[in-house]
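Colleague: I am new to this model and would like to learn how to read the charged pairs in it. Could you take me through them slowly?

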Amino acid sequence: MARMPSLPGLHLFSSLPSAPPPHDPSSASTPSTPIPIPKYPPPKSRILRTNPPKPPNPALKTFHRRSKYYKPVKDGVISSHGDRAVVIGDSGVSYLLPDAPFEFQYSYSEIPKVKPIAIREPAFLPFAPPTMPRPWTGKAPLKSSKKKIPLFDSFNPPPPGTKGVKQVEMPGPFPLGKYPKEGKSREEILGEPLKNWEIRMLVKPHLSHNRQVNLGRDGLTHNMLELIHSHWKRQRVCKVRCKGVPTVDMDNICHHLEEKTGGKIIHRVGGVLYLFRGRNYNYRTRPQYPVMLWKPAAPVYPKLIQEAPEGLTIEEANELRMKGKNLLPICKLAKNGVYISLVNDVRHAFEGSILVKVDCTGMHESDYKKLGAKLKELVPCVLLSFDNAQILMWRGKDWKSDISEDPSATLPSQARTNDVESIENGDLLHGNHHTIKTSPKMKLLWEKAIDSNKALLLNEIGLAPDDLLEKVEEFERISQATEHSYPALIMSSEDDSSSPDDNLESQDHDESNYSSDDDEYQEGDLFDNVNPSVPMGSLPVDIIAKKLRPE
């Protein structure tokens, strides 16, 4: 075993000193700095969590929701100040101003058919008071300009190429020899109806332009009227693009646009409208409306969803709602889409089911509730629920089919007993068929096909097979002859025995074959009245050429 050397005064297992040794600053050396800890950026997941949520859409930001103001209202004037008043009527909340052509509203097209029951804010006018020369914008008004800017007159616009003046379209279009006239009524401003070639000429430049008026969830608002007139100031046609809930009923939008602006819709494709200002429109004499300074709070209307809808008990309504949970929606609507065919789709779906569901996932709550209110009026139907952003509708007890006029009278007697085999084998052979109601468009197409010998109407139903085959072969020869025959004009220099009167009669007959009452898509309408028969050498150009010709 190895032995450790013993040293005097050394004890291996002695205890630690009770007090630390005294600190000597002269002998102590400064310790070296440690390695700095690197600072890495926080992970992306932590950044996403700490970021605040995005603010809501400012169009849906309503300050009246923060207050608990609720005041029941009845029909009539609820607030007035002299000649200015706030009125409750069939069209909701409207504002009456002196010398106004009609009662002003925030939205003219998106108004529920029911009357409001309460308001969410005190009744006041959203217009500037008559004592205020201009609305307050947060800045002092500018000094009055020394330049006298003349009023814009559409009948006397600045000449083209003027410095600082944009392109301005003249009034019109007018035929040769006619000029614009001052008009006061709508008929005088619109002038004569436009021809098809004029409509094409007016619409074609705007097909690819993005200078337009956007019509959204609020429909035709009051301030849009002045915006449309600002478009009409420089061009004859204003393009209006509609999206969202108002596109369910495009006829309603067209009606209010023509009624409030005084223009005429000359072309319509999907949700895009082309609004013509009129032949005799003058921007100087346009109707000028005050501008709304803010969006008024929407009034309170009765609830759309009732616990026991019309014609149902509470138990029956709950049973239909339970069945609707497992029902597949007929379509899914996109946000800010064009829903022109939605009403017809719901009507056709009611032919096969008493319940119909429309999926509105991704749309705002106020949008699909407005959509349900419109479907309730247009289809018509009974609303059952808006659960899970889906509109559930019941067709109601007073529903009538659009396909058969009287189902109980037209269906065979054995069809009421659901005997399918007897219908196929017996009733159809004996002529007991369903009576189908044809649409007017289909009926018109059939009539045109019969008139042009492309279809044959069999008046005698009880024909033998041989007689029926004869009629089909005869009709086939007639249809082929009409399809492959064209009008021809034979001109021969050898046979001049015919008189000039006969040639004129034949020419008139040929022109009558080509004439048509409907001049749609006719390119040569401008030159129809021009006489092409001009004697040779009678033009002024011929006289000048004859004088300059060397002898």
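Colleague: Is Lys115 buried, exposed or partly exposed?

Modeller: Lys115 is partly exposed, with a relative accessible area of 35%, where buried means under 20% relative accessible area, exposed over 50%, and partly exposed in between (1.4 Å probe, protein chains only). Please keep in mind that this is a predicted model, in which local features need pLDDT of at least 70, side-chain atom pairs count only at pLDDT 80 or more, and totals for chains, interfaces and linings use all residues. Residues are numbered from 1 along each chain as its sequence is written, and side-chain values use heavy atoms, with hydrogens and water left out.

Colleague: Which residue does Lys115 meet in a salt bridge?

Modeller: Side chains of opposite charge can pair when their charged atoms come close. A salt bridge is a side-chain nitrogen of Lys or Arg within 4 Å of a carboxyl oxygen of Asp or Glu, and here the side chain of Lys115 meets that of Asp90 at 3.3 Å, N to O. Lys115 lies in the loop between strands E4 and E5 and Asp90 in the loop between strands E3 and E4, so the pair ties together parts that are 25 residues apart in sequence; strands here are DSSP runs of E with at least two residues, helices runs of H or I with at least four, numbered from the N terminus. Asp90 is exposed, at 56%, and shared partners join Asp75, Asp90 and Lys115 into one network of salt bridges.

Colleague: How many salt bridges does the whole structure hold?

Modeller: A search finds 15, including one between Arg236 and Glu169 at 3.9 Å, N to O. Arg236 counts as buried at 16% relative accessibility, whereas Glu169 is partly exposed at 27%.
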